[in-house]
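Student: I would be grateful for a close look at a single part of this model, namely its aromatic rings and their surroundings. Please give one connected account.

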Amino acid sequence: MKRTPLKRGHRGLRRRSKNPRKTLLLKADSLLQDYYRDVWVDKPCEGCGGKMELVHHFVLKSHSNRLRFEKINLIPVCKICHSKVHGFHGELINADIIMRRGKQWLNYLRLLERERINLGIKDLEKIIEKYKI
């Protein structure tokens with residue numbers, strides 16, 4: 001059977017989720033990125049000192065709903081450093097960030113990471129309102 005672009009998962013052709021919670025979660029994630037791109041316009045990339053292009057979650061979104069929308073977990077990075085963080089040089093960049101922000105910051109993140117919360121539809125709607133520009 002011939003693979004169509006839809007089955008390959010091309011960005012423009014992805015199916016929208018029918019799950020309203022997942023749709024709201026994706027919207028909230030997108031608004032968070034847009035919000036901090038506008039608010040932190042003068043912040044440098046914490047990896048190389050270049051221009052910040054996006055916000056990286058130090059504790060991955062998939063690892064903690066508690067930290068997903070917390071400012072303390074967000075790291076301003078350029079696209080190149082973001083690729084490095086998730087690639088081969090991730091440990092080096094993460095170690096550099098920890099050295100700059102301190103062990104106390106890391107310990108506090110780890111403490112918050114253990115807290116388990118469920119983000120319901122109403123919670124996500126509040127988050128979306130918070131980050132609308």
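Tutor: Rings of Phe, Tyr and Trp (its six-membered ring) count as a pair if their centres lie within 6.5 Å; planes under 30 degrees apart are stacked, over 60 edge-to-face, and the rest tilted. This is a predicted model, in which local features need pLDDT of at least 70 and side-chain atom pairs pLDDT 80 or more, while totals for chains, interfaces and linings use all residues. Residues are numbered from 1 along each chain as its sequence is written, and side-chain values use heavy atoms, without hydrogens and water.

The whole structure holds five aromatic pairs. One of them joins Y35 and Y36 edge-to-face, with 5.0 Å from centre to centre and 90 degrees between the planes. These two residues can be told apart by burial (buried: under 20% relative accessible area; exposed: over 50%; partly exposed: in between; 1.4 Å probe, protein chains only). Y35 is partly exposed, because its relative accessible area is 26%, whereas Y36, at 6%, is buried.

Y36 also forms a tilted pair with Y131, 5.9 Å centre to centre and with 55 degrees between the planes. Since Y36 belongs to helix α2 and Y131 to helix α6, this pair ties together parts that are 95 residues apart in sequence. Helices here are DSSP runs of H or I, at least four residues long, numbered from the N terminus. Y131, like Y36, is buried.

Helix α6 spans residues 121–131, and its buried residues are L124, I127, I128 and Y131. They lie on the same side of α6, because they cover an arc of only 100 degrees around the axis; the arc is taken from the directions from the axis to the C-beta atoms. An α-helix has 3.6 residues a turn, so residues three or four places apart point the same way. The face of α6 turned away from the buried side carries the exposed residues K122, K126, E129 and K130. Helix α2 (20–39) is among the parts that cover the buried residues of α6, contact being heavy atoms within 4.5 Å. The pair of Y36 and Y131 thus joins α2 to α6.

Note on methods:
Helix = DSSP H or I, 4+ residues; strand = E, 2+ residues; numbered from the N terminus.
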